[in-house]
Amino acid sequence: MPTVREATFDLFRAHGMTTIFGNPGSTELPMLAEFPDDFRYVLGLQELVVVGMADGYAQATGRPTHVNLHTAPGVGNAVGGIFNAQANKAPLVITAGQQHRAQVTIEANLTNRDATYGPQPYVKWSHEPPRAQDVPGAIARAIHHASLPPRGPAFVSIPMDDWHAEADEDRARNATARRVTGRSAPAESTLAELAARLNGARNPVFVAGPDIDASGGWDAAVALVERQRLAVWATPAPGGGRLGFPENHPQFVGVLPPAIGAVAETLRPYDLVLVVGSSVFPYYPYIPGPLLAEETALVAITSDPGEAARAPMGDAIVGDVALALERLVALTGNSDRTPPDPRPEPGEPAEADPISGSTAMAALADAWPEDGIAVLEAPSSTMAFRNRLRLSRPGSYFFGASGGLGFGISAAVGVQLAQPGRPVVCVLGEGSAQYGITALWSALAYKAPVTFLVLRNQEYMILKWFAQFEQVEGAPGLDLPGLDVAAVASGYGVPAQQVNGREELTAALRTAIGADDGPRLIQVPVASGMWLD
Ligand SMILES: Cc1ncc(C[n+]2csc(CCOP(=O)(O)OP(=O)(O)O)c2C)c(N)n1
């Protein structure tokens, strides 16, 4: 008779989940005992980065990914990362240890009281099995919840004595054998109606969201846009955790602004807005105004019923984004509309000492490898990055869609472990870098050859910008004097240097991106400012 532990590891094997991201404690050791050779354990030194690494790995592989945390304090540290993973729609199966069943009721030390409550608002399902024999079935259920659309984290708390218990062989075998799939196309008649609306529209526009990339709809999006000669906007940057469309394409016109009034103004020229794979919309600052101009209609296609239900305007069609796009390509005709004017090439940024964020992004664009992947967490240079890098391949851009910092360094490590053949470059503000800083150790330990580029402006620039916008004066805590991330990285053993100016930066980036034996970190002083181009 197999133990619960043996049955559960078989379940993980059956789902190809043989990489576990974790930070262990005494309550997890029974699960990790006699760790099988065909599994890999990736250690993160704090739980926020454990979840962040798994998030990057899950998104870059497209597969459910196991995260193992230490009872209440581990889950507590992880909650910011779980919030990110939910926004990123990362399919995480999060398990956490729990006190021995014999001591839960008396609340012995490290009992995770009300274990299912901790992560509850941010997970699709939160559970502690009533019997040890239910553990494999509960984890199987968590895998299915995490993997079904909309993808996202699911949580199971497991008392530490459960692992040695005898499994219920029949239940475990059935749980391991089951396959659950959830890709469904919208009804053909609904898509045919939408295709007719598109064909008949005077000036329709396409808004590309992150789920185009996640669903594998990239080529179909390009085919539809070209056939219908649509202008393409990217969904507002805060929610654009992935790119939905090649940003060097002549029909790509820019990134939508992230506020109600400004979105309506930008979309005013269009009579039909087709939003694909995005919420409507990931707004952030509140700039009031009409949701859309009166003459503008909107239809969103999303695999997420929650996104469809909460959109404040327009129609929504729920179904798999890639399948819907493929059908729309077949159902729409070739349009003879005039395609939009291509957006201008970025100009040479002004010379200054220290360089601007725009100049730093120009240097990165010069050094950019064909098959590079970007992980971005550099708030005041986000728009300069989007304007200057213009990434054109699927699976090449990851951004924390919730806005919770700590995603950058850790997700970059996870993405690199998932994509060992592609160079990963992680662009960071020096403030943002601190939340995930311990993941530098994991990058080195697992020889993940990520190039970290740290923009050092000695402040929380974006918060100063928000302070102006919110008409807040005299707020404390917005300056970061003397924070030397290169020195911190050296302490973790990561080869690191500070460079100055565009030429030194370009040369250092080329060298670092070319290295494949482990991580490198480059820090460059940049001037204070919001870098929009
Ligand atoms: C977990 C978390 N804590 C705090 C914030 C608020 N916050 C947003 S941006 C920011 C500062 C980022 O500073 P830095 O990375 O140096 O970038 P800069 O704005 O200077 O470009 C902070 C603290 C957040 N988004 N997430």
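Reader: How many salt bridges does the structure hold?
Author: The model is predicted. The structure holds 21 salt bridges.

Reader: What makes Asp-38 and Arg-13 a salt bridge?
Author: The cut-off is 4 Å between a side-chain nitrogen of Lys or Arg and a carboxyl oxygen of Asp or Glu. The N to O distance for Asp-38 and Arg-13 is 2.6 Å. That is within the cut-off, so the pair counts.

Reader: Where do Asp-38 and Arg-13 lie?
Author: Arg-13 is in helix H1, and Asp-38 is in the loop between helix H2 (29-32) and strand S2 (40-43). The two are 25 residues apart, and the pair links distant parts of the chain. Asp-10 joins Arg-13 and Asp-38 in a network of salt bridges.

Reader: Why is Asp-134 called buried?
Author: Buried means under 20%. Asp-134 has 16% relative accessibility, so Asp-134 is buried. Asp-134 forms a salt bridge with Arg-171, with the closest N and O atoms 3.7 Å apart. Asp-134 sits in the loop between S5 and helix H6 (135-147), and Arg-171 sits in helix H7, 37 residues away.

Reader: Why are H1 and H7 called roughly parallel?
Author: Helix H1 (residues 4-14) and helix H7 (residues 169-177) pack at about 15 degrees, with axes 9 Å apart. Angles under 35 degrees count as roughly parallel, so H1 and H7 qualify. Their crossing is right-handed.

Reader: Which residues make the contact of H1 with H7?
Author: H1 supplies Ala-7, Asp-10, Leu-11 and Ala-14. H7 supplies Ala-172, Ala-175 and Thr-176. These divide into 5 nonpolar, 1 polar and 1 charged.

Reader: What makes helix H14 mostly covered?
Author: In H14 (residues 357-367), 9 of the 11 residues are buried. Among them are Met-361 and Leu-364. The buried residues pack against helices H15 (382-389) and H21 (501-514), and against strands S15 (424-429) and S16 (451-456).

Reader: Why is Leu-110 called partly exposed?
Author: Leu-110 has 31% relative accessibility, between the 20% and 50% limits, so Leu-110 is partly exposed. Leu-110 lies in the loop between helix H5 (101-104) and strand S5 (126-127).

Note on methods. Residues are numbered from 1 along each chain as its sequence is written. This is a predicted model: local features need pLDDT of at least 70, side-chain atom pairs count only at pLDDT 80 or more; totals for chains, interfaces and linings use all residues. Side-chain values use heavy atoms; hydrogens and water are left out. Helices (H or I, at least four residues) and strands (E, at least two) are DSSP runs, numbered from the N terminus. Buried means under 20% relative accessible area, exposed over 50%, partly exposed in between (1.4 Å probe, protein chains only). Contact means heavy atoms within 4.5 Å. Axes are lines fitted to C-alpha atoms, for helices over the stretch in contact, and angles run from 0 to 180 degrees between N-to-C directions. Angles under 35 degrees count as roughly parallel, over 145 as roughly antiparallel, 65 to 115 as roughly perpendicular and the rest as oblique. A crossing is left-handed if the near helix is turned anticlockwise from the far one by less than a right angle, and right-handed if clockwise. Ala, Val, Leu, Ile, Met, Phe, Trp, Tyr, Cys and Pro count as nonpolar, Asp, Glu, Lys and Arg as charged, and the others, Gly among them, as polar.
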